[in-house]
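Trainee: I am new to this one and would like to go through it step by step. Could you show me the model, please?
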Amino acid sequence: MPTTSGVDRLVIRGRDFYIKRDDLIDPLLSGNKYRKLYSLVDTPATRYRRLISYGGTQSNAMFSIAALCRQKGWLFDYTAKTVPAHLKASPSGNLRMALALGMRLHEVAPAAYQAAIEKLKLQSAPAMLLVPQGGADPMARFGIDMLAREIDAWRQNHRISRLHIVTPSGTGTMAYYLACALPELIVLTTPVVGDRGYLAAQMERLGAMPHNLHILESSRKHHFARPSPEFLHMWRELKEAGIEFDLIYGAAMWHVLFEQADRIDGTILYVHSGGLSGNATMLERYRHKGLI
Ligand SMILES: *Cc1c(COP(=O)(O)O)cnc(C)c1O
């Protein structure tokens, strides 16, 4: 299995973009999560017996950790808020696939969720590892540094001087460590989960804000993972241009990128963050809302 990714060219709205195809590295551990979990991919299977994590029940991180644990033969315990009855009866998307990969789901009533997570964080046992929500952890740095070296080698090969790297943010872990690793380049990102303030606060937990990291915000407010005609339109346009992105992070990042593209001078390298495994459930939601 390859551990590096190639770069493709994508022409859209008359402008050239380069796409770092991290979505193609591993069929199960999708782009962003492959990089963030790489130190675990690289860890001997005998090191752990069990991984634990927590978060949303359609999370890409959940699915990727489930795939990693299956590959390694590790148990995987995942804590989430109570799953709605209809979803439990017939799980879909990332949840269905993670359960099929052997994930053990532990449901907690919403009112008790926060306390349960605090308890998880204090838990310790030999050969057990807690992966924080979304893989937001300093251990992510190892794999992101590898990505940064690939990007820099590509840039030097192509003698590109003004390079902007673009990638969407949830916890901001990817954008943050990329900016730290490539101080002479500019990293552009957008908050997909909360607003600029939320993202900056998440990043500050990792360290001081790098000067070369710029947060772009859309002129219109969008709610996390809520179907939006603008995002659907953006997603379709990209797909027709030749590359499929995810409907949550990718669609939001490209949307704001085009809002502000005229102000970005120089070459743009978009780091594809993967996440295609979530598209089926998102498309279902678009259909349910009558948007498709
Ligand atoms: C998790 C994820 C992100 C966000 O990554 P962070 O490092 O948490 O900012 C972006 N895109 C996709 C597809 C993801 O699954």
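Trainee: Which residue does R50 stand opposite in β4?
Mentor: That residue is L75. Please keep in mind throughout that this is a predicted model.

Trainee: How many bridges join β3 to β4?
Mentor: There are five, and the two strands run parallel. Strand β3 covers residues 50-54.

Trainee: And what is the order of the strands in the open sheet?
Mentor: The sheet has four strands, arranged β5-β4-β3-β6, with parallel pairing.

Trainee: Which strands stand at the edges?
Mentor: Those are β5 (104-108) and β6 (128-130). Each has a single partner strand, so one side of each is left without a neighbour in the sheet.

Trainee: By what angle are neighbouring strands turned against each other on average?
Mentor: The average is 20°, with direction ignored.

Trainee: Let us change topic to the largest nonpolar core. Which of its residues touch the most other members?
Mentor: They are L40, L51, M62, I65, F76, M103 and V131, out of 29 residues in that core.

Trainee: Which elements give two or more residues to it?
Mentor: Helix α3 does, along with α2 (38-41), β4 (75-81) and α5 (93-100). The largest share comes from α3, with seven residues.

Trainee: Take I65, then. What is it in contact with, leaving aside neighbours within four places in sequence?
Mentor: I65 is in contact with L37, L51, S53, F76 and V131. Of these contacts, L51, F76 and V131 are also listed among the core residues that touch the most other members.

Trainee: Which residues does the second, separate core include?
Mentor: It has 24 residues, including I144, W154, M174 and L213.

Trainee: Back to α3 for a moment. Where is N60 found?
Mentor: N60 is found in that helix, which spans residues 60-72.

Trainee: Is N60 buried or exposed?
Mentor: N60 is buried, because its relative accessible area is 14%, and the cut-off for buried is under 20%. Leaving aside neighbours within four places in sequence, N60 is in contact with K33, N94, Y249, G275, S277 and G278.

Trainee: Now the charged pairs. How many salt bridges does the structure hold?
Mentor: The structure holds 15. One of them joins the side chains of D23 and R21, at 2.9 Å from N to O.

Trainee: Are D23 and R21 buried or exposed?
Mentor: Both partners are buried: D23 has a relative accessible area of 13%, and R21 has 12%.

Trainee: What about K121 and E118?
Mentor: Their side chains also meet in a salt bridge, at 3.8 Å from N to O. Both lie in helix α6 (residues 110-122), three residues apart, which is about one turn of the helix. K121 is partly exposed at 42% relative accessibility, and E118 is partly exposed at 39%.

Trainee: Which pair links distant parts of the chain?
Mentor: R220 and E230 do, being 10 residues apart. R220 is in the loop between β9 (213-215) and α10 (229-241), while E230 is in helix α10. Their closest N and O atoms are 3.1 Å apart. R220 is partly exposed at 49% relative accessible area, and E230 is partly exposed at 23%.

Trainee: And which residues do salt bridges that share partners join into one network?
Mentor: That network consists of K20, D22, R35 and E150.

Notes:
Residues numbered from 1 in each chain as written. Predicted model: local features only at pLDDT ≥ 70, side-chain atom pairs only at ≥ 80, totals over all residues. Heavy atoms only, no water. Buried < 20%, exposed > 50% of the residue type's maximum accessible area, 1.4 Å probe, protein only. Contact = heavy atoms within 4.5 Å. Core = buried A, V, L, I, M, F, W, Y, C linked by side-chain atoms within 4.5 Å. Pairing = 2+ DSSP bridges. Axes fitted to C-alpha atoms, helices over the stretch in contact; angles between N-to-C directions. Salt bridge = Lys/Arg side-chain N within 4 Å of Asp/Glu carboxyl O.
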